[in-house]
Amino acid sequence: MPTPDTKIFGDFKTNLTMHPVRGDVVVVNNLDSIKGAVKNIVLTQHYERHFKPFAGSNVTDYLFENFGPITVENIQDSIIEAIENNEPRADLLDVVVNENIDLNGFDVTIVFRGINNTQPTQLSVYLEQIR
């Protein structure tokens with residue numbers, strides 16, 4: 001049971017799944033809501049959202065660059081900046097980017113703590129080129 005000073009966050013699932021009994025859209029709460037928001041921020045391009053031109057991380061620009069430590073650092077910096085500027089519910093602890101040359105992509109692990117949670121939460125995203 002939440003205490004009076006605990007905030008509850010809610011959001012829709014990104015695939016808009018219907019509840020089997022009620023027939024309305026399934027809602028996710030608290031940590032799952034923050035995870036979805038962080039993932040959306042990472043995958044959103046600049047100028048993709050109306051009236052918020054700089055919401056997002058613009059990491060897809062780096063997916064067509066040569067693999068190397070500079071590209072990894074640029075992706076990491078872009079993700080850190082985007083989450084710190086656009087998601088106040090997440091206290092960012094760490095962002096780890098590993099290049100996967102064989103699959104032409106990057107494994108991104110984001111570690112953050114939700115605003116109502118003391119335990120760190122890990123979110124993994126795989127970034128790859130889409131042709």
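Let's begin at aspartate 91, which is partly exposed, with a relative accessible area of 40%. On this scale, buried means under 20% relative accessible area, exposed means over 50%, and partly exposed lies in between, using a 1.4 Å probe and protein chains only. Before going on, please note that this is a predicted model, where local features need pLDDT of at least 70, side-chain atom pairs count only at pLDDT 80 or more, and totals for chains, interfaces and linings use all residues. Residues are numbered from 1 along each chain as its sequence is written, and side-chain values use heavy atoms, with hydrogens and water left out.

Which residue forms a salt bridge with aspartate 91? The partner is arginine 113, and the closest N and O atoms are 3.5 Å apart. This pair links distant parts of the chain, since arginine 113 sits in strand S4 (residues 105–114) and aspartate 91 in strand S3, 22 residues apart. Arginine 113 is partly exposed too, at a relative accessible area of 28%. A salt bridge here is a side-chain nitrogen of Lys or Arg within 4 Å of a carboxyl oxygen of Asp or Glu. How many salt bridges does this rule give? The count comes to two.

The other one I'd like to show you involves arginine 89 and glutamate 87, whose side chains meet in a salt bridge at 2.7 Å, N to O. Are these residues buried or exposed? Arginine 89 is buried, because its relative accessible area is 15%. Glutamate 87 is buried as well, with a value of 6%. You can find arginine 89 in the loop between helix H2 (69–86) and strand S3 (90–100). Its side chain also joins that of serine 33 through a polar contact of 3.2 Å. A polar contact is a pair of N or O atoms within 3.5 Å; within protein, one must be able to donate a hydrogen and the other to accept it, and residues adjacent in sequence count only if both atoms are side-chain atoms.

Now let's zoom out. The protein chain has two helices and five strands, and along the sequence they follow the pattern β-β-α-α-β-β-β. Helices (H or I, at least four residues) and strands (E, at least two) are DSSP runs, numbered from the N terminus. Of the 131 residues in the protein chain, buried ones make up 33%.

Next stop, helix H2. Isoleucine 79 belongs to this helix and counts as buried because its relative accessibility is 0%. How far apart are isoleucine 79 and valine 95 in space? Their C-alpha atoms are 7.7 Å apart, while in sequence the two residues are 16 residues apart. Glutamine 76 is in helix H2 too, and it is partly exposed at 23% relative accessible area. Between the C-alpha atoms of glutamine 76 and isoleucine 110 there are 9.6 Å, although 34 residues separate them along the chain.

Helix H2 also holds aspartate 77, which is partly exposed at 40% relative accessibility. Aspartate 77 is one of the residues in a surface patch of negative charge, where it gathers with Glu73, Glu81 and Glu84. Patches are made of residues with over 30% relative accessible area and no salt bridge, with like charges joined within 9 Å and nonpolar side chains (Val, Leu, Ile, Met, Phe, Trp, Tyr) within 5 Å. Lys and Arg count as positive and Asp and Glu as negative, while His and the chain ends are not counted. The place of a charge is taken as NZ of Lys, CZ of Arg, CG of Asp or CD of Glu. Accessible areas come from the Shrake-Rupley method with a 1.4 Å probe, and for residues only the protein chains shown count as cover.

Last, the loop between the helices. Tyrosine 47 lies in the loop between helix H1 (30–43) and H2, and its phi is near 70°, a positive value in a residue other than glycine. Tyrosine 47 is exposed, with a relative accessible area of 60%. Phenylalanine 51, placed in the loop between H1 and H2, has a positive phi of about 65° although it is not a glycine. Is phenylalanine 51 buried or exposed? Phenylalanine 51 is exposed, because its relative accessible area is 85%. Threonine 44 is found in the loop between H1 and H2, but this residue is buried, at 7%. The side chain of threonine 44 makes a polar contact of 3.4 Å with the side chain of arginine 49.
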